[in-house]
Amino acid sequence: MITNYFIVFLAVLLLMFLFAAIKVLREYERGVIFLLGRFYKVKGPGLFIVIPIIQQMVKVDLRTIVMDVPTQDVISRDNVSVKVNAIVFFRVIDPANAILQVEHYYEATSQLAQTTLRSVLGQHELDEMLAEREKLNFHVQSILDQQTDAWGIKVSNVEIKHVDLDESMIRAIARQAEAERERRAKVIHAEGEFQASQRLVEAARTLAQAPRAIELRYLQTLTEVAGDKSSTIVFPLPMEIASVFRNGQGAKP
């Protein structure tokens, strides 16, 4: 009777051992195995055995992690206070280093991303933050990727989501944009006047080469003005035209 209980006890113990020893990892998971506290190897995916008590396993997810960087207060190089948040895309490429080289790789990457975001954006002016986001994204991503390489982390992308400004700063930017549009309008108007004056000079030179051309132009202008019969027009008579009439009268017999 005692022998039967002992056999049942051994069978239960063996089943518990098998349940504890058999591990199954998915395709995107890896297991970092420690043998008596020392790093042994990385296993997975699939089915394998981990000896209880002697071996311990730490599971690591290899999928890309989307981490939301909390809103950071940043002072730009031109002393403008803004609030900036971002998204960081990263994944574990070396499970062993992700466990051995840093305590919590997710928390460490999050803290490093916040510090790097403040540091990088503080080196640029507000106009660069608003107009050159791709450049800033690449700058932050390259720094994070370099810093986390020793942890077995690959930072694939960083995207700045929002750059929030105070209401007073928004009004100041609006006034600046309006002043810039007025400046451009004045420059375009002055450029048009300059080009028109150049054309008038060229026209005067052309008319100067043919003295009768100015008379034809004068008569054409009178014809255009005469089309409006609602007003009385007084115009001067050029001396050249008057001399023609005087010469014509003197030529009669």
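Is M57 buried, partly exposed or exposed? M57 is partly exposed, at a relative accessible area of 23%; buried means under 20%, exposed over 50% and partly exposed in between, with a 1.4 Å probe and protein chains only. The model is a predicted one, so local features need pLDDT of at least 70 and side-chain atom pairs count only at pLDDT 80 or more, while totals for chains, interfaces and linings use all residues. Residues are numbered from 1 along each chain as its sequence is written, and side-chain values use heavy atoms, with hydrogens and water left out.

**View 1. The whole chain, for orientation.** The protein chain has eight helices and eight strands; these are DSSP runs numbered from the N terminus, with helices being H or I over at least four residues and strands being E over at least two. Of its 253 residues, 25% are buried. Take the contacts (heavy atoms within 4.5 Å) between residues at least 6 apart in sequence: 61% of them join residues at least 24 apart. The accessible surface is about 18,000 Å², and carbon and sulfur atoms own 59% of that. These areas come from the Shrake-Rupley method with a 1.4 Å probe, and for residues only the protein chains shown count as cover.

**View 2. M57 and its neighbours.** M57 sits in strand β5, which spans residues 55–61. Skipping residues up to four places away in sequence, M57 touches K23, L25, G31, V32, I33, F48 and V50. G31 is 26 residues from M57 in sequence, yet their C-alpha atoms are 5.8 Å apart.

**View 3. The largest nonpolar core.** A nonpolar core here is a set of buried Ala, Val, Leu, Ile, Met, Phe, Trp, Tyr and Cys residues joined through side-chain atoms within 4.5 Å. The largest one has 34 residues, and those with the most contacts inside it are V82, V84, V88, F90, Y105, L117 and L121. Elements giving two or more residues to this core include β6 (65–75), β7 (81–92), α3 (105–121) and β8 (153–164). Zoom in on V84 and you find it touching P70, T71, Q72, V74, L117, L121, I160, H162 and V163, with residues up to four places away in sequence not counted.

**View 4. Two aromatic pairs.** The structure holds two of these; rings of Phe, Tyr and Trp (its six-membered ring) pair if their centres lie within 6.5 Å, and planes under 30 degrees apart are stacked, over 60 edge-to-face and the rest tilted. F34 and F39 have ring centres 6.4 Å apart and planes at 75°, so they pair edge-to-face. F34 is buried at 13%, whereas F39 is partly exposed at 38%. F90 and Y106 make a tilted pair, because their centres are 6.2 Å apart and their planes stand at 45°. F90 belongs to strand β7 and Y106 to helix α3, so this pair ties together parts 16 residues apart in sequence. F90 is buried at 0%, and Y106 is partly exposed at 36%.

**View 5. A charge over a ring.** R63 lies over the face of Y28, 3.9 Å from the ring centre. The criterion is NZ of Lys or CZ of Arg within 6 Å of the ring centre and within 35 degrees of the ring normal.

**View 6. Q114 in helix α3.** Q114 is in helix α3 and is buried, at a relative accessible area of 13%. Its side chain makes a polar contact of 3.3 Å with the side chain of Q72. A polar contact is a pair of N or O atoms within 3.5 Å; within protein, one must be able to donate a hydrogen and the other to accept it, and residues adjacent in sequence count only if both atoms are side-chain atoms. Beyond four places in sequence, Q114 is in contact with V69, P70 and Q72.
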